[in-house]
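I opened this notebook to record a few things I looked up.

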Amino acid sequence: MTYKETLEYLYTRLPMYQRVGKKAYKADLTNTITLMEHLDNPHKKFKSVHIAGTNGKGTSAHGIAAILQTAGYKVGLYTSPHLKKFTERIKISGIEVSKEFVIDFVGRIKSIIEDIQPSFFEITVAMAFDYFQREQVDIAVIETGLGGRLDSTNVITPEVCLITNIGYDHMDMLGDTLEKIAAEKAGIIKKHVPVVIGETLPETEPIFKQISENNEAVLIKAGKSNIKPQGMVPDYFLKNLGGIESVINELIRLGWDVSSNHMSAGIENINELTGLKGRLQIIEKDPLLIADVSHNADGLNILLKQVADICQNNFHLIFGTVKDKDLKSIFSIIPKDAKIYWTQSNVPRTLPVEELAIQGVMNGIEAKCFKNVNEAIQEAKVQAHPDDLILVTGSTFVVAEVDGL
(Lines give C-alpha, C1' and ligand atoms only; values in the text may rest on other atoms or scores of the structure.)
Protein backbone atom coordinates (compact mmCIF):
# COMPACT_ATOMS: atom_id res chain seq x y z
CA MET A 1 0.00 0.00 0.00
CA THR A 2 0.99 3.63 -0.48
CA TYR A 3 1.15 5.90 2.56
CA LYS A 4 -2.24 7.39 1.69
CA GLU A 5 -3.74 3.91 1.32
CA THR A 6 -2.16 2.83 4.61
CA LEU A 7 -3.73 5.74 6.51
CA GLU A 8 -7.09 5.13 4.86
CA TYR A 9 -6.85 1.50 5.94
CA LEU A 10 -6.13 2.53 9.55
CA TYR A 11 -8.80 5.23 9.66
CA THR A 12 -11.60 3.29 7.98
CA ARG A 13 -11.00 -0.25 9.17
CA LEU A 14 -10.10 0.39 12.79
CA PRO A 15 -12.34 2.24 15.26
CA MET A 16 -10.78 5.58 16.22
CA TYR A 17 -11.89 7.26 19.47
CA GLN A 18 -11.25 10.76 18.20
CA ARG A 19 -13.65 10.15 15.33
CA VAL A 20 -16.36 7.86 16.69
CA GLY A 21 -16.09 8.21 20.48
CA LYS A 22 -16.85 5.63 23.14
CA LYS A 23 -17.42 2.64 20.87
CA ALA A 24 -13.72 2.75 19.87
CA TYR A 25 -12.60 2.45 23.51
CA LYS A 26 -11.40 -1.05 24.36
CA ALA A 27 -11.73 -1.53 28.11
CA ASP A 28 -8.99 -4.13 28.44
CA LEU A 29 -5.38 -4.72 27.38
CA THR A 30 -5.87 -8.04 25.59
CA ASN A 31 -5.31 -6.72 22.06
CA THR A 32 -2.29 -4.66 23.09
CA ILE A 33 -0.67 -7.62 24.84
CA THR A 34 -1.32 -9.81 21.77
CA LEU A 35 0.25 -7.17 19.51
CA MET A 36 3.25 -6.82 21.83
CA GLU A 37 3.83 -10.58 21.82
CA HIS A 38 3.56 -10.65 18.03
CA LEU A 39 6.25 -7.92 17.87
CA ASP A 40 8.53 -9.72 20.40
CA ASN A 41 7.59 -7.34 23.24
CA PRO A 42 9.34 -4.13 22.15
CA HIS A 43 7.96 -2.26 25.19
CA LYS A 44 10.31 -4.25 27.42
CA LYS A 45 13.40 -3.12 25.49
CA PHE A 46 13.48 0.62 26.15
CA LYS A 47 13.18 2.82 29.24
CA SER A 48 10.25 5.16 29.60
CA VAL A 49 8.28 7.79 31.49
CA HIS A 50 4.50 7.26 31.65
CA ILE A 51 2.04 10.17 31.93
CA ALA A 52 -1.68 10.24 32.72
CA GLY A 53 -4.04 13.03 33.82
CA THR A 54 -7.10 14.99 32.80
CA ASN A 55 -5.29 18.13 31.61
CA GLY A 56 -1.65 18.90 30.94
CA LYS A 57 -0.40 15.44 30.08
CA GLY A 58 0.46 16.40 26.50
CA THR A 59 2.36 19.55 27.43
CA SER A 60 4.06 17.68 30.29
CA ALA A 61 5.14 14.94 27.89
CA HIS A 62 6.61 17.46 25.47
CA GLY A 63 8.30 19.34 28.31
CA ILE A 64 9.98 16.23 29.74
CA ALA A 65 11.06 15.15 26.24
CA ALA A 66 12.50 18.60 25.50
CA ILE A 67 14.56 18.59 28.70
CA LEU A 68 15.92 15.10 28.08
CA GLN A 69 16.75 16.02 24.46
CA THR A 70 18.60 19.10 25.70
CA ALA A 71 20.58 16.84 28.02
CA GLY A 72 21.75 14.88 24.97
CA TYR A 73 19.51 11.83 25.10
CA LYS A 74 17.79 10.16 22.16
CA VAL A 75 14.17 10.59 23.22
CA GLY A 76 11.05 8.90 21.91
CA LEU A 77 7.77 10.79 22.32
CA TYR A 78 4.31 9.28 21.92
CA THR A 79 1.30 11.60 22.20
CA SER A 80 -2.23 11.79 20.83
CA PRO A 81 -4.26 12.93 19.05
CA HIS A 82 -2.35 14.53 16.20
CA LEU A 83 -3.25 17.98 14.89
CA LYS A 84 -2.27 18.04 11.22
CA LYS A 85 -0.43 14.80 10.43
CA PHE A 86 -0.62 11.24 11.71
CA THR A 87 3.17 11.14 12.08
CA GLU A 88 3.04 13.84 14.80
CA ARG A 89 2.03 11.09 17.24
CA ILE A 90 5.40 9.32 17.12
CA LYS A 91 8.68 11.24 17.28
CA ILE A 92 12.30 10.68 18.17
CA SER A 93 14.16 13.79 19.34
CA GLY A 94 11.58 15.97 17.62
CA ILE A 95 11.66 14.14 14.26
CA GLU A 96 8.39 12.53 13.23
CA VAL A 97 8.23 8.85 12.31
CA SER A 98 8.77 8.35 8.58
CA LYS A 99 5.94 7.50 6.22
CA GLU A 100 8.01 4.52 5.09
CA PHE A 101 8.03 3.07 8.59
CA VAL A 102 4.27 3.50 8.90
CA ILE A 103 3.74 1.63 5.62
CA ASP A 104 6.20 -1.11 6.59
CA PHE A 105 4.73 -1.57 10.07
CA VAL A 106 1.15 -1.93 8.90
CA GLY A 107 2.29 -4.35 6.22
CA ARG A 108 4.16 -6.46 8.78
CA ILE A 109 1.19 -6.80 11.13
CA LYS A 110 -1.71 -6.73 8.68
CA SER A 111 -2.50 -10.39 9.25
CA ILE A 112 -2.90 -9.92 13.00
CA ILE A 113 -4.93 -6.74 12.45
CA GLU A 114 -7.34 -8.79 10.37
CA ASP A 115 -7.38 -11.49 13.03
CA ILE A 116 -7.94 -9.54 16.28
CA GLN A 117 -9.51 -6.30 14.94
CA PRO A 118 -7.67 -3.89 17.27
CA SER A 119 -8.62 -0.23 17.63
CA PHE A 120 -6.78 2.57 15.85
CA PHE A 121 -5.17 3.59 19.14
CA GLU A 122 -3.99 0.04 19.92
CA ILE A 123 -2.25 -0.06 16.55
CA THR A 124 -0.58 3.33 16.99
CA VAL A 125 0.71 2.35 20.43
CA ALA A 126 2.18 -0.86 19.01
CA MET A 127 3.70 1.12 16.13
CA ALA A 128 5.32 3.61 18.50
CA PHE A 129 6.77 0.94 20.77
CA ASP A 130 8.13 -1.06 17.82
CA TYR A 131 9.69 2.11 16.38
CA PHE A 132 11.30 3.18 19.64
CA GLN A 133 12.78 -0.28 20.17
CA ARG A 134 14.11 -0.55 16.60
CA GLU A 135 15.64 2.94 16.76
CA GLN A 136 17.13 2.18 20.20
CA VAL A 137 15.99 5.31 22.01
CA ASP A 138 17.59 6.07 25.36
CA ILE A 139 14.17 6.75 26.85
CA ALA A 140 10.61 7.29 25.61
CA VAL A 141 8.01 9.65 27.06
CA ILE A 142 4.60 7.99 26.73
CA GLU A 143 1.29 9.84 27.13
CA THR A 144 -1.82 7.80 27.89
CA GLY A 145 -4.71 8.21 25.50
CA LEU A 146 -7.65 7.90 27.88
CA GLY A 147 -7.71 6.99 31.56
CA GLY A 148 -4.74 4.87 32.58
CA ARG A 149 -5.59 1.49 34.06
CA LEU A 150 -6.99 0.09 30.80
CA ASP A 151 -5.17 2.39 28.40
CA SER A 152 -3.22 0.60 25.67
CA THR A 153 0.01 2.30 26.78
CA ASN A 154 -0.29 0.66 30.20
CA VAL A 155 1.86 -2.36 29.34
CA ILE A 156 5.12 -0.52 30.02
CA THR A 157 7.07 -0.51 33.27
CA PRO A 158 8.51 3.00 33.33
CA GLU A 159 11.32 4.64 35.27
CA VAL A 160 8.80 7.04 36.79
CA CYS A 161 5.10 7.84 36.38
CA LEU A 162 3.40 11.24 36.35
CA ILE A 163 -0.27 11.97 37.01
CA THR A 164 -0.80 15.62 36.16
CA ASN A 165 -4.24 16.30 37.68
CA ILE A 166 -7.79 14.99 37.91
CA GLY A 167 -10.89 16.70 36.55
CA TYR A 168 -14.29 15.88 35.15
CA ASP A 169 -13.78 14.57 31.61
CA HIS A 170 -14.75 11.37 29.75
CA MET A 171 -17.09 10.58 32.64
CA ASP A 172 -19.09 8.14 30.51
CA MET A 173 -16.03 5.88 30.46
CA LEU A 174 -13.95 6.75 33.52
CA GLY A 175 -16.62 7.36 36.15
CA ASP A 176 -18.80 10.18 37.38
CA THR A 177 -16.81 11.17 40.48
CA LEU A 178 -13.30 12.50 40.98
CA GLU A 179 -12.52 9.42 43.08
CA LYS A 180 -13.48 7.03 40.27
CA ILE A 181 -11.57 9.04 37.66
CA ALA A 182 -8.50 9.21 39.93
CA ALA A 183 -8.59 5.42 40.40
CA GLU A 184 -8.55 4.93 36.61
CA LYS A 185 -5.67 7.38 36.10
CA ALA A 186 -3.76 5.85 39.03
CA GLY A 187 -3.91 2.54 37.21
CA ILE A 188 -0.57 3.44 35.60
CA ILE A 189 1.16 3.12 39.00
CA LYS A 190 3.42 0.05 38.97
CA LYS A 191 5.22 -2.05 41.60
CA HIS A 192 8.21 -0.16 43.03
CA VAL A 193 7.99 2.59 40.35
CA PRO A 194 7.98 6.13 41.79
CA VAL A 195 4.96 8.25 40.90
CA VAL A 196 4.77 12.05 40.79
CA ILE A 197 1.39 13.64 41.50
CA GLY A 198 1.18 17.05 39.85
CA GLU A 199 -1.91 18.19 41.74
CA THR A 200 -3.89 16.67 44.59
CA LEU A 201 -7.43 17.30 45.73
CA PRO A 202 -9.11 16.19 48.97
CA GLU A 203 -11.10 13.63 46.95
CA THR A 204 -8.14 12.22 45.02
CA GLU A 205 -5.25 12.23 47.51
CA PRO A 206 -6.42 9.15 49.46
CA ILE A 207 -6.82 7.24 46.17
CA PHE A 208 -3.26 7.98 45.07
CA LYS A 209 -1.90 7.19 48.52
CA GLN A 210 -3.68 3.83 48.75
CA ILE A 211 -2.76 2.64 45.23
CA SER A 212 0.86 3.73 45.72
CA GLU A 213 1.05 1.84 49.02
CA ASN A 214 -0.48 -1.25 47.41
CA ASN A 215 2.28 -1.15 44.80
CA GLU A 216 5.07 -0.21 47.23
CA ALA A 217 5.64 2.80 44.99
CA VAL A 218 7.14 6.02 46.32
CA LEU A 219 4.60 8.85 45.97
CA ILE A 220 6.04 12.29 45.26
CA LYS A 221 3.91 15.42 45.44
CA ALA A 222 5.09 18.00 42.94
CA GLY A 223 6.23 21.22 44.51
CA LYS A 224 6.64 24.68 43.03
CA SER A 225 8.98 24.66 40.06
CA ASN A 226 12.25 26.56 39.85
CA ILE A 227 12.04 26.62 36.03
CA LYS A 228 11.32 30.14 34.78
CA PRO A 229 10.60 30.04 31.03
CA GLN A 230 10.79 33.25 29.02
CA GLY A 231 8.14 34.51 26.59
CA MET A 232 4.41 33.86 26.42
CA VAL A 233 3.49 30.39 27.63
CA PRO A 234 0.08 29.11 28.72
CA ASP A 235 -0.72 29.45 32.41
CA TYR A 236 -1.83 25.82 32.43
CA PHE A 237 1.67 24.93 31.23
CA LEU A 238 3.23 26.85 34.12
CA LYS A 239 0.93 24.87 36.38
CA ASN A 240 2.50 21.66 35.07
CA LEU A 241 6.13 22.71 35.56
CA GLY A 242 6.23 21.38 39.13
CA GLY A 243 5.31 17.91 37.92
CA ILE A 244 7.77 18.08 35.03
CA GLU A 245 10.62 19.15 37.31
CA SER A 246 9.77 16.47 39.89
CA VAL A 247 9.90 13.79 37.19
CA ILE A 248 13.29 15.03 35.99
CA ASN A 249 14.58 15.15 39.57
CA GLU A 250 13.47 11.56 40.06
CA LEU A 251 15.27 10.54 36.86
CA ILE A 252 18.40 12.32 38.14
CA ARG A 253 18.11 10.30 41.36
CA LEU A 254 17.98 7.16 39.23
CA GLY A 255 21.20 8.12 37.46
CA TRP A 256 20.14 10.16 34.44
CA ASP A 257 22.50 13.07 33.72
CA VAL A 258 20.34 16.21 33.59
CA SER A 259 21.17 19.67 34.96
CA SER A 260 19.08 22.70 35.92
CA ASN A 261 20.38 24.43 32.78
CA HIS A 262 19.01 21.56 30.69
CA MET A 263 15.63 22.05 32.35
CA SER A 264 15.42 25.79 31.63
CA ALA A 265 16.75 25.50 28.07
CA GLY A 266 14.49 22.55 27.31
CA ILE A 267 11.32 24.35 28.39
CA GLU A 268 12.28 27.62 26.69
CA ASN A 269 12.84 25.79 23.38
CA ILE A 270 10.05 23.24 23.70
CA ASN A 271 8.34 24.13 20.41
CA GLU A 272 11.53 23.90 18.36
CA LEU A 273 12.72 20.72 20.10
CA THR A 274 9.48 18.74 20.05
CA GLY A 275 7.18 20.38 17.51
CA LEU A 276 4.56 21.18 20.14
CA LYS A 277 1.57 22.94 18.55
CA GLY A 278 -1.79 24.34 19.54
CA ARG A 279 -0.90 25.62 22.99
CA LEU A 280 -1.56 29.36 23.14
CA GLN A 281 -0.13 29.42 19.62
CA ILE A 282 -0.04 32.79 17.87
CA ILE A 283 -1.21 32.36 14.25
CA GLU A 284 -1.46 36.03 13.19
CA LYS A 285 -1.12 39.53 14.63
CA ASP A 286 -3.20 42.73 14.24
CA PRO A 287 -5.62 41.40 15.33
CA LEU A 288 -3.95 38.81 17.51
CA LEU A 289 -5.20 35.33 16.49
CA ILE A 290 -4.45 32.55 19.00
CA ALA A 291 -5.30 28.84 18.81
CA ASP A 292 -5.38 26.54 21.82
CA VAL A 293 -6.51 22.91 22.15
CA SER A 294 -8.02 23.24 25.66
CA HIS A 295 -11.25 21.24 25.55
CA ASN A 296 -12.80 20.81 28.99
CA ALA A 297 -14.03 23.17 31.68
CA ASP A 298 -10.91 23.00 33.86
CA GLY A 299 -8.48 23.69 31.02
CA LEU A 300 -10.67 26.31 29.40
CA ASN A 301 -11.12 28.16 32.69
CA ILE A 302 -7.36 28.64 33.04
CA LEU A 303 -7.01 29.58 29.38
CA LEU A 304 -9.83 32.12 29.37
CA LYS A 305 -8.49 33.85 32.50
CA GLN A 306 -5.08 34.22 30.86
CA VAL A 307 -6.56 35.48 27.61
CA ALA A 308 -8.55 38.07 29.57
CA ASP A 309 -5.25 39.36 30.98
CA ILE A 310 -3.63 39.47 27.53
CA CYS A 311 -6.56 41.07 25.71
CA GLN A 312 -6.15 44.82 25.33
CA ASN A 313 -9.51 45.53 23.74
CA ASN A 314 -12.39 43.33 22.50
CA PHE A 315 -12.36 39.54 22.85
CA HIS A 316 -13.64 37.30 20.04
CA LEU A 317 -14.15 33.61 20.94
CA ILE A 318 -14.41 30.99 18.21
CA PHE A 319 -15.55 27.77 19.84
CA GLY A 320 -16.37 24.24 18.72
CA THR A 321 -16.47 21.00 20.64
CA VAL A 322 -17.35 17.30 20.52
CA LYS A 323 -20.49 15.51 21.63
CA ASP A 324 -19.44 14.20 25.04
CA LYS A 325 -18.46 17.45 26.80
CA ASP A 326 -20.10 19.08 29.83
CA LEU A 327 -21.44 22.14 28.01
CA LYS A 328 -23.17 23.65 31.03
CA SER A 329 -19.84 23.92 32.90
CA ILE A 330 -18.13 25.32 29.81
CA PHE A 331 -20.84 27.90 29.12
CA SER A 332 -20.64 29.10 32.71
CA ILE A 333 -17.02 30.26 32.24
CA ILE A 334 -17.38 31.97 28.84
CA PRO A 335 -16.88 35.73 29.37
CA LYS A 336 -20.18 37.60 29.11
CA ASP A 337 -18.61 40.46 27.14
CA ALA A 338 -16.99 38.23 24.50
CA LYS A 339 -18.22 38.15 20.91
CA ILE A 340 -18.96 34.46 20.23
CA TYR A 341 -18.70 32.46 17.02
CA TRP A 342 -19.82 28.81 17.14
CA THR A 343 -18.14 26.34 14.80
CA GLN A 344 -17.50 22.63 14.30
CA SER A 345 -14.87 20.27 12.90
CA ASN A 346 -15.15 17.66 10.17
CA VAL A 347 -14.85 14.56 12.39
CA PRO A 348 -17.98 12.44 13.03
CA ARG A 349 -17.67 13.05 16.77
CA THR A 350 -18.04 16.81 16.44
CA LEU A 351 -21.01 18.55 18.01
CA PRO A 352 -22.97 20.02 15.07
CA VAL A 353 -22.94 23.78 15.21
CA GLU A 354 -26.77 23.88 15.16
CA GLU A 355 -26.90 21.84 18.38
CA LEU A 356 -24.20 23.99 19.94
CA ALA A 357 -26.23 27.09 19.10
CA ILE A 358 -29.40 25.64 20.66
CA GLN A 359 -27.53 24.75 23.85
CA GLY A 360 -25.96 28.21 23.84
CA VAL A 361 -29.33 29.97 23.65
CA MET A 362 -30.63 27.79 26.49
CA ASN A 363 -27.69 29.08 28.54
CA GLY A 364 -28.14 32.71 27.55
CA ILE A 365 -25.44 32.86 24.85
CA GLU A 366 -26.18 34.23 21.39
CA ALA A 367 -23.63 33.64 18.62
CA LYS A 368 -23.11 33.43 14.88
CA CYS A 369 -22.69 29.91 13.47
CA PHE A 370 -20.09 28.64 11.01
CA LYS A 371 -19.67 25.11 9.64
CA ASN A 372 -15.95 25.73 9.09
CA VAL A 373 -13.51 27.26 11.55
CA ASN A 374 -11.68 29.28 8.90
CA GLU A 375 -14.95 30.92 7.86
CA ALA A 376 -15.48 31.85 11.51
CA ILE A 377 -11.96 33.28 11.67
CA GLN A 378 -12.54 35.39 8.55
CA GLU A 379 -15.75 36.81 10.01
CA ALA A 380 -14.05 37.55 13.34
CA LYS A 381 -11.24 39.35 11.51
CA VAL A 382 -13.81 41.49 9.67
CA GLN A 383 -15.49 42.37 12.97
CA ALA A 384 -12.28 42.88 14.97
CA HIS A 385 -10.17 45.99 15.47
CA PRO A 386 -6.36 45.61 15.09
CA ASP A 387 -5.90 45.57 18.87
CA ASP A 388 -8.62 42.95 19.50
CA LEU A 389 -7.89 39.31 20.35
CA ILE A 390 -9.38 36.29 18.56
CA LEU A 391 -9.17 32.89 20.28
CA VAL A 392 -9.95 29.56 18.60
CA THR A 393 -10.48 26.75 21.12
CA GLY A 394 -12.75 24.02 22.51
CA SER A 395 -11.59 21.03 20.48
CA THR A 396 -8.33 19.60 19.18
CA PHE A 397 -10.12 18.90 15.91
CA VAL A 398 -11.34 22.46 15.45
CA VAL A 399 -7.84 23.80 16.10
CA ALA A 400 -6.36 21.22 13.71
CA GLU A 401 -8.40 22.69 10.85
CA VAL A 402 -7.12 26.25 11.34
CA ASP A 403 -5.20 27.42 8.27
CA GLY A 404 -1.63 28.42 9.01
CA LEU A 405 -1.27 26.35 12.19
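I noted that the model is predicted. I found an open sheet of six strands with mixed pairing, in the order 9-10-14-11-12-13. Its edges are strand 9 (281-284) and strand 13 (368-369), each of which pairs on one side only. I then looked at strand 10 (residues 288-291) and strand 14 (residues 389-393), which pair in the parallel sense over four bridges. Within this pairing, L289 has I390 of strand 14 as its bridge partner.

Entry two, the helices. Helix 13 packs on the sheet and touches strand 10, strand 11 and strand 14. I read an angle of about 170° between the directions of helix 13 and strand 14. Helix 16 (residues 373-383) lies across strands 9, 10, 11, 12, 13 and 14, and runs at about 170° to strand 11.

My search of the whole structure gave two cavities of 30 Å³ or more. Helix 13 (297-310) and strand 11 (315-319) each give two or more residues to its lining. I listed L300, L304, L317, F319, I330, I334 and T393 as the lining residues. Six of these are nonpolar, one is polar and none is charged.

Is V218 buried or exposed? V218 counts as exposed because its relative accessibility is 52%, and the cut-off is over 50%. I placed V218 in the loop between helix 9 (205-214) and strand 8 (219-221). Leaving out residues up to four places away in sequence, V218 touches V193, P194 and V195.

How values were computed
Residues are numbered from 1 along each chain as its sequence is written. This is a predicted model: local features need pLDDT of at least 70, side-chain atom pairs count only at pLDDT 80 or more; totals for chains, interfaces and linings use all residues. Side-chain values use heavy atoms; hydrogens and water are left out. On a 1 Å grid over the protein atoms alone, a cavity is a set of points where a 1.4 Å probe fits but cannot get out, and a pocket is an open set with protein on both sides within 12 Å along at least five of seven lines; lining residues have an atom within 4 Å of a point. Grid points are joined across faces, edges and corners, and a volume is the space filled by probe spheres set on the points. Ala, Val, Leu, Ile, Met, Phe, Trp, Tyr, Cys and Pro count as nonpolar, Asp, Glu, Lys and Arg as charged, and the others, Gly among them, as polar. Buried means under 20% relative accessible area, exposed over 50%, partly exposed in between (1.4 Å probe, protein chains only). Contact means heavy atoms within 4.5 Å. Two strands pair if DSSP finds at least two bridges between them. Axes are lines fitted to C-alpha atoms, for helices over the stretch in contact, and angles run from 0 to 180 degrees between N-to-C directions.
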